[in-house]
Amino acid sequence: MAPKLSFCKILIPFLIYRSFAFSIDFNYPAIFNFGDSNSDTGGYVAGLAYHLYPPNGQTYFNGPSGRFCDGRLLLDFLSTAEAMDLPFLNPYLDAIGAPSFAQGCNFAVCGSSILPAIATSPSPYTLGPQVAQFFRFKARVLELQAKTKELDKYLPVNDYFEEGLYMFDIGQIDITIALIRSSFDQVLAISIPTILSNFEVEVKVSPLGCIPLIIDQFGTDPSNLDEVGCVIRHNQVVKYFNHQLQVLCSRLQDLYQDVMITCVDIFAIKHNLLADYATLG
C-alpha cells in the first residue's frame, strides 16, 4: 500500500474538480480528463485498434468519432461551453494527424476501472496507467518545451498544469464486475472498501442500475425495478459507494486544505433526468 499512498500525495495537489451546482468561474485554460467510456473521446479505438460503427457519432459528428455514444459526451459539452470555449479533447493514445494538446489531454479509455487490470478486464488502461501516462505526458511536454519552441502550438504551457481542470469519471466498471462476481452483501462489505482503497481521489458513479445492459440482464423481474425502471440493487450499491466516497473526499479535503476537492453527484443528476424525462427532455 505504501506506493499507492505516495502516488495519491502526488496526484491530489493537482485536483481541481468543481461542481455545477453553484456559480463559479469556469474559465480554466485546459482540461486533463481521466475515466472510462463516459468520457472516452477515442482512447480505446486508438489504443486497442477497435472499430466503431454507426449509430455511434451519427447525431453530431456524422459518423463514429471514437466516442461510445451517438453524439457528444458530457466532457465535450463542458469543454466547448461558452465559459470554457476549448476545443474537443484529443485522446492521449491517438497520435495520428498531429493532434494538439495545447489546451488539455484526455486519458480516459472505455472499459477502464479503478482496480488494476487482470486478464479478463475489458481495458488494460485502468486508472493507475492513466495517471502514469499523465505524469509522463507532463514530463515530456516540459522536456520538449525546454528544447524548442517549434511545438508550442501543440503543447500546454507549464502554468496550465497548475491552473487546469482535472476531471475523474470512473468506477462503474468496478461495481458492475463486483456485482457479477459477488453477492450484494459481499460487494458492500468487501468490494467497495477495496475499490476506495485503490483510489483515494475524487470520483462519483452514475446510476448503474439504469444502464440498458444492466436492466436487460437483471431487470426481467419487475419486482427488481424501481419506479423509474432501474435495477434497485445495483443502484443501492452505487449509492453506498458514493456515500463512502464522499466521506473519503471530506477526509482528503481536511488533509489537503490548499486544494479544492468537490464530488459531483452524477447519480442524482442522471436519475432525476430519467424520472422526469418528459419535462427535462
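Is Arg140 buried, partly exposed or exposed? Arg140 is partly exposed, with a relative accessible area of 35%. Here, buried means under 20% relative accessible area, exposed means over 50%, and partly exposed is in between (1.4 Å probe, protein chains only). The legends below begin with this residue.

A note before you look: this is a predicted model, in which local features need pLDDT of at least 70 and side-chain atom pairs count only at pLDDT 80 or more, while totals for chains, interfaces and linings use all residues. Residues are numbered from 1 along each chain as its sequence is written, and side-chain values use heavy atoms, with hydrogens and water left out.

**View 1. Arg140, Glu143 and Lys147 are linked in a network of salt bridges.** A salt bridge is a side-chain nitrogen of Lys or Arg within 4 Å of a carboxyl oxygen of Asp or Glu. Glu143 pairs with Arg140, their closest N and O atoms being 3.0 Å apart, and also with Lys147, where the closest N and O atoms are 3.3 Å apart. Glu143 and Arg140 both belong to helix H4, three residues apart, about one turn of the helix. Lys147 is in helix H4 too, four residues from Glu143. Glu143 is partly exposed at 36% relative accessibility, and Lys147 is exposed at 63%. Helices (H or I, at least four residues) and strands (E, at least two) are DSSP runs, numbered from the N terminus.

**View 2. Arg67 meets Asp76 in a salt bridge.** The N to O distance between these side chains is 2.7 Å. Arg67 is buried at 4% relative accessibility, and Asp76 is buried at 0%. Look at the ring of Phe88 as well: the charged end of Arg67 sits over this ring, 5.3 Å from its centre. For a charge to sit over a ring, NZ of Lys or CZ of Arg must be within 6 Å of the ring centre and within 35 degrees of the ring normal. You can find another example at Arg233, whose charged end sits over the ring of Phe184, 4.4 Å from the centre.

**View 3. Tyr92 and Phe137 form an edge-to-face aromatic pair.** Rings of Phe, Tyr and Trp (its six-membered ring) pair if their centres lie within 6.5 Å; planes under 30 degrees apart count as stacked, over 60 as edge-to-face and the rest as tilted. The count of aromatic pairs by this rule is 22. In the pair of Tyr92 and Phe137, the centres are 6.3 Å apart, with 75 degrees between the planes. These partners link distant parts of the chain, 45 residues apart: Tyr92 is in the loop between helix H3 (74–80) and strand E2 (104–106), and Phe137 is in helix H4 (residues 127–147). Phe137 is buried, with a relative accessible area of 7%. Both rings belong to one aromatic cluster, which also includes Phe32, Phe34 and Phe134.

**View 4. Phe134 lies in helix H4.** Phe134 is buried, with a relative accessible area of 1%. Contact means heavy atoms within 4.5 Å. Not counting residues up to four places away in sequence, Phe134 touches Phe32, Phe34, Phe107, Phe161 and Tyr166. The C-alpha atoms of Phe134 and Tyr92 are separated by 8.6 Å, although these residues are 42 places apart along the chain.

**View 5. The largest nonpolar core has 41 residues.** A nonpolar core is a set of buried Ala, Val, Leu, Ile, Met, Phe, Trp, Tyr and Cys residues joined through side-chain atoms within 4.5 Å. Phe32, Phe34, Phe137 and Phe241 touch the most other members. Several elements each supply at least two residues of this core, among them strand E1 (31–35) and helix H7 (184–197). The largest share, seven residues, comes from H9.

**View 6. Thr176 is in helix H6 (residues 172–181).** Thr176 is buried, with a relative accessible area of 19%. Leaving aside neighbours within four places in sequence, Thr176 is in contact with Leu208 and Ile214. A polar atom of the Thr176 side chain lies 2.7 Å from the backbone oxygen of Gln172. The buried residues of H6 pack against H7, helix H8 (212–218) and H9.

Terms used
A polar contact is a pair of N or O atoms within 3.5 Å; within protein, one must be able to donate a hydrogen and the other to accept it, and residues adjacent in sequence count only if both atoms are side-chain atoms.
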